[in-house]
Amino acid sequence: MKNRNIPKKLQDNLITIGIVVVCYILVMILSATGLLSNLLQGLLVPLCAYIILAVSLNLTVGILGELSLGHAGFMCVGAFTSAFFSKCMENTITFAPVRFFLALLIGGLCAALIGFLIGMPVLRLKGDYLAIVTLAFGEIIKNIMNVLFIGRDSHGFHFSMKDSLSLGLEEGGDVIINGAQGITGTPKDSNFTIGVILIVLTLLIVLNLINSRDGRAIMSIRDNLIASESIGIHITKYKLMAFTISAALAGIAGVLYSHNLNSLMATPKNFGYNMSIMILVFVVLGGIGNIRGSVIAAVILTLLPELLRGLNDYRMLIYSIVLIVMMLYNWAPNMIALRKKAANRFGRKKEVA
Amino acid sequence: MKKKVMSLMLVLAMAVSMLAGCGGASASGSDTFKIGGIGPTTGGAAVYGIAVRNAAELAIKEVNAAGGINGYQVEYKFEDDELDNEKSLNAYNTLKDWGMNLMIGCVTSGCCTAVAAESSKDNMFQLTPSGSSTDCTANNDNVFQVCFSDPNQGIGAADYIGTNGLATKVAIIYDSSDVYSSGIYEKFVAEAANQPFEIVSAEAFTADSKTDFSVQLQKASDAGADLVFLPIYYTEASLILTQANTMGYAPKFFGCDGLDGILGVENFDASLAEGVMLLTPFAADAEDAATQKFVADYKAAYGDIPNQFAADAYDAIYIIKAAAEKANATPADSVADLGTKMQNAMREITVDGLTGAAMSWDAEGAVNKAPKAMQIINGNYSLIQ
């Protein structure tokens with residue numbers, strides 16, 4: 001009983017990963033027996049991407065304790081760099097898994113690099129100011145992608161920030177990133193199995209980080225900056241570490257996302273402020289700092305609007321009402337008290353998320 | 001703990017089986033054609049999606065009342081894609097679960113390209129009313145367009161200005177964040193090199209900065225442009241016209257089909273649009289009987305004056321009907337067989353519609369029809385030759 005704490009954490013982590021694996025097996029059985037609808041089959045890969053995004057943002061918001069509203073920006077970096085790579089290499093590396101593995105590395109590394117560069121100045125800020133700066137950063141990334149033109153011909157790559165004509169491509173050269181029209185014709189390399197493997201890897205990275213010495217240092221910064229500084233914790237280092245890992249994982253999610261779509265465009269909808277808020281909603285609803293909660297919330301909130309399609313134009317209304325109700329259920333103090341009472345009545349010692 | 005794990009598993013199993021249950025494939029219903037539509041009915045581009053949804057519904061009601069296609073009734077369902085490529089795939093999959101065997105959509109180019117990549121795998125027949133990018137049809141044998149492709153519009157506009165000697169110095173104001181606008185812009189500039197006029201300024205704006213155009217107009221004015229080409233939508237164009245008037249700059253304005261609807265903008269002084277020229281396949285106040293009937297019916301059913309998107313969608317349904325009759329298609333055909341039959345028929349038929357007479361389709365899936373040049377005279381669109 002002395003070491004109870006450590007095995008319990010391990011057990012908890014195993015349950016989280018176990019849930020993912022069991023879901024994976026169930027889905028595979030269902031799809032093999034043909035019971036899975038087309039809609040759900042199409043949703044599987046985006047679901048994986050959103051889960052990874054939610055878990056990675058939880059690292060920044062829940063563990064590091066800093067509010068970031070630019071998470072979609074990192075996803076955008078990962079999505080575009082990797083789609084660019086895959087498009088260029090489509091005919092050079094014909095074996096899809098290898099190409100996708102390299103794309104994942106490139107997307108993740110580019111997002112991590114950007115996260116590192118952004119993090120250095122930005123993490124000196126706190127609270128609202130940090131949120132505003134990350135928000136601006138996300139918008140900047142999206143807008144850069146909208147004016148970026150890259151083409152390729154026999155002379156190599158051509159860049160422009162104006163339009164695809166000023167690339168000056170010779171006859172037969174192709175425009176790879178075409179400004180607002182984005183990248184068209186990314187090979188569809190991602191699939192559900194790879195997505196689940198990436199989720200498990202993400203969970204392993206994040207959960208292990210939390211339970212490590214570094215993770216405890218990061219959480220001490222969250223809980224009391226001055227106290228942790230006084231005991232010699234290198235604040236900047238640990239902040240940057242959490243932020244960069246979070247960015248890299250968001251980049252990976254972006255890779256998964258972009259390799260599931262034939263045409264990738266940076267619209268306000270998928271890489272703008274809306275998406276950043278959406279990911280934050282997953283995290284808040286699932287419980288700040290609660291990784292398993294993020295996974296479940298991401299699944300529910302992604303599926304909900306699609307399963308409500310039968311309600312036509314009312315679905316967005318219903319969706320928002322459900323969102324409000326779920327937030328109240330999870331976080332309203334009265335509701336928490338009520339749930340505790342109910343749990344006691346049923347004789348269970350249920351801890352509150 | 002064990003109990004907890006068990007209960008969790010049970011909950012999960014239940015949830016998953018519930019979800020799976022939702023997607024009961026509806027293989028039945030082989031006595032009706034099921035036409036699915038995809039477009040934005042919520043959000044910023046909802047105007048276009050709703051126009052397509054309504055006009056297609058109107059046409060399908062007419063078709064059904066007249067006995068259907070090859071004697072089979074038509075069922076119709078329209079799904080929202082929120083102008084998001086990812087959501088449009090979800091919409092496509094939802095429609096597949098519903099049992100769609102013919103598709104009209106998507107309304108916008110980006111979504112259309114994303115869905116076309118999937119629909120070509122299923123060989124689902126897809127006819128887009130307004131997805132004008134060439135990416136929609138390129139490499140996808142199953143996809144056809146009702147509207148002009150962007151390059152055709154850009155080339156057509158440059159050609160028209162050049163041949164008719166409308167100007168010697170041309171300025172362009174376009175939306176670089178919009179696929180439609182930048183697509184036309186690029187082809188216009190490329191074609192302009194072969195034309196007897198010169199492009200003296202080309203200024204872009206983006207979706208984030210589309211309220212003040214004084215800088216772009218000033219540049220056009222300073223460069224001495226006598227014609228401003230506006231390959232944009234009418235909302236922004238109405239602002240440009242107002243601001244040009246305030247500055248006292250009065251060049252000729254020339255636009256594409258996106259400008260259709262400019263006379264209906266609220267709080268816009270329509271007299272400012274006097275003399276504006278546009279290449280568009282459809283004008284709601286055209287004199288011919290078919291257009292007038294369509295406009296009256298649409299107005300009676302939905303309370304709005306239909307725009308060009310609506311006309312494209314209305315035509316799309318009749319094109320599907322013509323192709324299906326040519327191919328002798330029946331709902332009993334599998335989706336892929338139907339796709340092949342319809343594709344072959346599409347390359348043979350010619351259809352007279354609201355947006356063009358004797359429309360035919362090339363191997364790529366792009367439409368051949370004559371562009372109509374309109375000019376706004378006395379607050380009305382009138383055809384110029």
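Author: We begin with the handedness of a helix crossing. A crossing is left-handed if the near helix is turned anticlockwise from the far one by less than a right angle, and right-handed if clockwise. In this predicted model, α3(A) passes α9(A) in a right-handed crossing. Helices (H or I, at least four residues) and strands (E, at least two) are DSSP runs, numbered from the N terminus. This is a predicted model, in which local features need pLDDT of at least 70, side-chain atom pairs count only at pLDDT 80 or more, and totals for chains, interfaces and linings use all residues. Residues are numbered from 1 along each chain as its sequence is written, while chains are lettered from A and ligands numbered from 1 in the order in which they are written.

Reader: At what angle do the axes of α3 and α9 of chain A cross?

Author: Axes are lines fitted to C-alpha atoms, for helices over the stretch in contact, and angles run from 0 to 180 degrees between N-to-C directions. Helix α3 (residues 71-89) and helix α9 (residues 235-258) of chain A cross at roughly 50 degrees, and their axes come within 7 Å. Angles under 35 degrees count as roughly parallel, over 145 as roughly antiparallel, 65 to 115 as roughly perpendicular and the rest as oblique. α3(A) is therefore oblique to α9(A).

Reader: How is the packing of α2 and α10 in chain B described?

Author: Helix α2 (residues 46-65) and helix α10 (residues 308-327) of chain B pack at an angle of about 35 degrees, with 7 Å between their axes. The crossing of α2(B) and α10(B) is right-handed. Among the residues in contact are A55(B) and L58(B) of α2(B), and Y314(B) and K321(B) of α10(B). By class, this contact has 17 nonpolar, 1 polar and 1 charged residues.

Reader: What is the order of the strands in the sheet of 7 strands?

Author: Two strands pair if DSSP finds at least two bridges between them. The order in this open sheet of chain B is β7-β6-β8-β9-β10-β14-β15, with mixed pairing. Its edge strands, β7 (198-205) and β15 of chain B, each pair on one side only. From one strand to the next, the twist averages 25 degrees. Helix α6 (residues 179-192) of chain B lies across β6 (169-175), β7 and β8 (227-230), running at about 160 degrees to β6(B).

Reader: How many bridges join β14 to β15 in chain B?

Author: Strand β14 (residues 373-377) and strand β15 (residues 380-384) of chain B run antiparallel and are joined by 5 bridges. M374(B) has L383(B) of β15(B) as its bridge partner. The two strands form a hairpin with 2 residues between them, and N378(B) in the turn has a positive phi of about 55 degrees. β14(B) also pairs with strand β10 (residues 277-279) of chain B, in the antiparallel sense over 3 bridges; there L279(B) stands opposite A373(B).

Reader: Why is one side of β11 and of β13 in chain B left without a neighbour in the sheet?

Author: An open sheet of 3 strands in chain B has the order β11-β12-β13, with antiparallel pairing. β11 (351-353) and β13 (367-368) of chain B stand at the edges, each with a single partner strand, so one side of each has no neighbour in the sheet. Strand β12 (residues 356-361) of chain B is joined to β13(B) by 2 bridges, and S360(B) stands opposite N368(B).

Reader: Where is C106(B) placed, and what is the phi of N70(B)?

Author: C106(B) is in the loop between β3 (102-105) and α4 (109-122) of chain B. The peptide bond from G105(B) to C106(B) is cis, with omega near -5 degrees. N70(B), a residue other than glycine, has a positive phi near 50 degrees.

Key: Two residues are in contact if their C-beta atoms, placed from the backbone, lie within 7 Å. Ala, Val, Leu, Ile, Met, Phe, Trp, Tyr, Cys and Pro count as nonpolar, Asp, Glu, Lys and Arg as charged, and the others, Gly among them, as polar.
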